Amino acid sequence: RRCVKQGFQLCQGLLRLMSHRQPVATLTHNLGVSFELHHLLTGAKAWTDKPYVYSGIPKEMEGAVFFAGPYSSVPTGELLLSAPVHGMAYIWSEDKTEANGGLPTIGWEVVPGGMTFGNGRVMKIYRNILTAGASLVIPVNYMWLGGVAFQ
């Protein structure tokens, strides 16, 4: 059964997820950067401090829990993504060497296509399996303009 909420078609599972008090995953940065928990849908606000929104989200990522952080002030260091359930982790960055944080070197699988923000600026997306109860360490080696999600 399907339903519609705020112009988006959502499945019952996603609506149940939205009603949970505990997040399905957590993201921390070793230097204390704060992230807000949202759902990845077309029109979702990409960052906490800029009005940009995402569009062209790959179907496999629609409705994922994602972590919105600051636009370009995430310092170098490590992100730690943890989840009590098995799922797919996603991380993306603007498809420019000077803004990808070093993500192409972490060994995650590239998601075909990509998504955009702003006036068609392209984000390159990577994915990796996250086992229930485990964590993934994601190095940020230099300026990173992107986001993280879990589904």
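This is a predicted model: local features need pLDDT of at least 70, side-chain atom pairs count only at pLDDT 80 or more; totals for chains, interfaces and linings use all residues.
Biologist: What holds strands of a sheet together in general?

Modeller: Strands of a sheet pair through backbone hydrogen bonds, and they can do so in a parallel or an antiparallel way. Here, strand β9 (residues 109-110) and β11 run antiparallel and are joined by two bridges.

Biologist: Which other strands are joined to β11?

Modeller: Strand β8 (residues 87-94) runs antiparallel to strand β11 (residues 121-130), with eight bridges between them. In that pairing, Ala89 stands opposite Asn128. Strand β10 (residues 115-117) is also antiparallel to β11, and three bridges join the two. Look there for Phe117, whose bridge partner in β11 is Arg121.

Biologist: How many residues lie between β10 and β11 in their hairpin?

Modeller: Three residues lie between β10 and β11. In that turn you will find Gly118, with a positive phi of about 60°.

Biologist: Now for another sheet. What is the strand order in the open sheet of three strands?

Modeller: The order is β3-β7-β12, and the pairing is antiparallel. β3 (26-29) and β12 (135-140) each have a single partner strand, so they stand at the edges and one side of each has no neighbour in the sheet. From one strand to the next, the twist averages 20°. Between β3 and strand β7 (residues 77-82) there are four bridges in the antiparallel sense, and Thr28 stands opposite Leu80 of β7.

Biologist: How should I read β6? Which strands pair with β6?

Modeller: Strand β4 (residues 36-39) pairs with β6 in the antiparallel sense over four bridges. Strand β13 (residues 146-150) also pairs with β6 in the antiparallel sense, over three bridges.

Biologist: Which way do the residues of β6 point?

Modeller: Val65 and Phe67 point one way, while Phe66 and Ala68 point the other way. Are they buried or exposed? All four are buried.

Biologist: Let us turn to aromatic rings. How many aromatic pairs does a search of the whole structure find?

Modeller: The search finds nine aromatic pairs. To read one, check the distance between ring centres and the angle between ring planes. In the pair of Trp47 and Tyr54, the centres are 5.9 Å apart and the planes are at 55°, so this pair is called tilted. Trp47 has a relative accessibility of 1%, so Trp47 counts as buried. Tyr54, at 1% as well, also counts as buried.

Biologist: And what about the rings of Phe66 and Trp92: how far apart are their centres?

Modeller: Their centres are 6.2 Å apart, and the planes of Phe66 and Trp92 are at 45°, so the pair is tilted. The pair links distant parts of the chain, 26 residues apart: Phe66 sits in strand β6 (residues 65-68) and Trp92 in strand β8. Trp92 has a relative accessible area of 0%, so Trp92 is buried. Trp92 can also be compared with Val110: the two are 18 residues apart in sequence, and their C-alpha atoms are 9.5 Å apart in space.

Biologist: Which residues form the aromatic cluster?

Modeller: One cluster is made up of Trp47, Tyr52, Tyr54, Phe66, Tyr71, Trp92 and Phe117. Lys50 lies over the face of Tyr71, at 5.2 Å from the ring centre. Arg121 lies over the face of Tyr52, at 5.9 Å from the ring centre.

Biologist: My last topic is empty space. What shows where empty space is left?

Modeller: Rolling a probe the size of a water molecule over the atoms shows where empty space is left. In this structure, a search finds one cavity of 30 Å³ or more.

Biologist: What is the volume of the largest cavity, and which residues line the largest cavity?

Modeller: The volume of the largest cavity is about 40 Å³. Its lining includes Phe35, Phe67, Val74 and Trp144. Two members of the aromatic cluster, Trp47 and Tyr71, are among the lining residues too.

Notes:
Residues are numbered from 1 along each chain as its sequence is written. Side-chain values use heavy atoms; hydrogens and water are left out. Two strands pair if DSSP finds at least two bridges between them. Buried means under 20% relative accessible area, exposed over 50%, partly exposed in between (1.4 Å probe, protein chains only). Axes are lines fitted to C-alpha atoms, for helices over the stretch in contact, and angles run from 0 to 180 degrees between N-to-C directions. Rings of Phe, Tyr and Trp (its six-membered ring) pair if their centres lie within 6.5 Å; planes under 30 degrees apart count as stacked, over 60 as edge-to-face and the rest as tilted. A charge sits over a ring if NZ of Lys or CZ of Arg is within 6 Å of the ring centre and within 35 degrees of the ring normal. On a 1 Å grid over the protein atoms alone, a cavity is a set of points where a 1.4 Å probe fits but cannot get out, and a pocket is an open set with protein on both sides within 12 Å along at least five of seven lines; lining residues have an atom within 4 Å of a point. Grid points are joined across faces, edges and corners, and a volume is the space filled by probe spheres set on the points.
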